[in-house]
Every structure is written in C-alpha cells, then in structure tokens.
Amino acid sequence: MSDAHCELVNRMIEEIQNRQNIALVDEIFSEDFLNHTPVRGISNDRNGMRQLFSMTCIAFPDGVVTVEDQVASDDKVWTRKSFSGTHTGPLGAMAPTGNKVTYRVFDILRIHDGKIIEHWGLADQLSLLRQVGALK
C-alpha cells in the first residue's frame, strides 16, 4: 500500500501545491481530516487546508514544491521538501515584498481509505520570515 500512499501524496503536491488546483482538496483530503500542526488563525480541518493552500497560492503565485526525500510505511508518508517562490501577493497581513524565497518543509501524512486523514508538519517559518523581510 505504500506505493499508492506515495502516489496520493505526490498527487496532492503536484496538483494542489504546484498547479494550484485547490478544488481537489475535497477529493484528496478526508472529510474528517485533522491537521495536528495548523498555522495560527487557520482551522485544523479540511477547510483549513483549503484556506492554507489558497493563502500560499495568493502570496506566491509562482510557488513550486520540490520533493527531496520521501518514505512510506504502513499508513504514513514522510516527505522532506522545499518550497520556492516569489512573494508577490499578501501573506496574511504582510504586504508583498517581491522577494524570492526558498524554505524547507517536513510533512507526515496518514492515509486512510485512499484519502489523507491526518497531517503533522514542520516548516522553516523563521527562514521564510527572514526572506520576506519580516525578521532580521
């Protein structure tokens, strides 16, 4: 089942994150999805993921996620990836800076019945904030 789980996660990365097809959130994420590490101000459910993906697409319309490493075991997929893009849209309350950014992300996704049901993640937010000029 690990190959199918990796295919689902890679489809999410390619279709939703890279091609910005937010309409696929309901197809890929379970109705009872739970994000164990939500971004402040965004709910930890499927709607929150839709909101997070939309916010990222607006802030970084040229954003690209690149998978650097991926491992699957049982019902989980671990992915180390990088995100690169240009900050040309608002990021929360932060105005666009035009800065190019690259930061790393580590995700663990649990798959059940062909959908993503849980997420744990760690993004290098300090690096992102420094690159958009929010921190020195």
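A: Start with the word contact: here it means that heavy atoms lie within 4.5 Å. This is a predicted model. Take Trp78 as a case: leaving aside residues up to four places away in sequence, tryptophan 78 touches Asp69, Gln70, Val71, Ala72, Ser73, Phe106, Asp107 and Ile108.

Q: Where does tryptophan 78 lie, and how far from phenylalanine 60 in space?
A: Tryptophan 78 is part of strand E3. Phenylalanine 60 is 18 residues away in sequence, and the two C-alpha atoms are 24 Å apart. Tryptophan 78 counts as partly exposed because its relative accessibility is 28%, and that class runs between 20% and 50%.

Q: How do I describe the whole chain?
A: List its secondary structure, then look at the overall form. The chain has four helices and five strands. In sequence order they follow the pattern α-α-β-α-β-β-β-β-α. The radius of gyration is 14 Å, close to the 14 Å that the globule rule gives for 136 residues, so the chain is as compact as a globular protein of that length. Its C-alpha trace spans about 45 × 25 × 25 Å along the principal axes.

Q: What share of the residues in the chain is buried?
A: Buried residues make up 39% of the 136. As for contacts with a separation of 6 or more, 54% of them are between residues 24 or more positions apart.

Q: How do I read a single helix?
A: An α-helix has 3.6 residues a turn, so residues three or four places apart point the same way. Helix H3 covers residues 46-59. Its 14 residues should span 20 Å at 1.5 Å a residue, and the end C-alpha atoms are 20 Å apart, which agrees. The buried residues in H3 are Arg46, Gly48, Met49, Leu52, Phe53, Cys57 and Ala59. Their cover includes helices H1 and H2 and strands E1 and E3.

Q: How do I read a salt bridge?
A: Side chains of opposite charge can pair when their charged atoms come close. The count for this model is 12 salt bridges. In one of them, aspartate 26 meets arginine 46 at 3.1 Å, N to O. This pair links distant parts of the chain, with aspartate 26 in helix H2 and arginine 46 in helix H3, 20 residues apart. Arginine 46 is buried because its relative accessible area is 16%, whereas aspartate 26, at 35%, is partly exposed.

Q: Which residue forms a salt bridge with glutamate 68?
A: Its partner is arginine 104, and the closest N and O atoms are 3.6 Å apart. Here too the pair links distant parts of the chain: glutamate 68 is in strand E2 and arginine 104 in strand E4, 36 residues apart. Salt bridges with shared partners join Glu68, Asp69, Arg80 and Arg104 into one network.

Q: Is aspartate 74 buried or exposed?
A: Aspartate 74 is exposed, with a relative accessible area of 64%. It is found in the loop between strands E2 and E3. Apart from residues up to four places away in sequence, aspartate 74 touches Ser2 and His5.

Q: Which residues make the nonpolar surface patch?
A: Leu126, Leu129 and Leu135 make this patch of about 220 Å². Leucine 135 lies in the segment after helix H4 and counts as partly exposed at 37% relative accessibility.

Definitions and conventions:
Residues are numbered from 1 along each chain as its sequence is written. This is a predicted model: local features need pLDDT of at least 70, side-chain atom pairs count only at pLDDT 80 or more; totals for chains, interfaces and linings use all residues. Side-chain values use heavy atoms; hydrogens and water are left out. Patches are made of residues with over 30% relative accessible area and no salt bridge: like charges are joined within 9 Å, nonpolar side chains (Val, Leu, Ile, Met, Phe, Trp, Tyr) within 5 Å. Accessible areas come from the Shrake-Rupley method with a 1.4 Å probe; for residues, only the protein chains shown count as cover. A salt bridge is a side-chain nitrogen of Lys or Arg within 4 Å of a carboxyl oxygen of Asp or Glu. Helices (H or I, at least four residues) and strands (E, at least two) are DSSP runs, numbered from the N terminus. Buried means under 20% relative accessible area, exposed over 50%, partly exposed in between (1.4 Å probe, protein chains only). The radius of gyration is taken over C-alpha atoms; the globule rule is 2.2 Å times the number of residues to the power 0.38. The expected span of a helix is 1.5 Å times one less than its number of residues.
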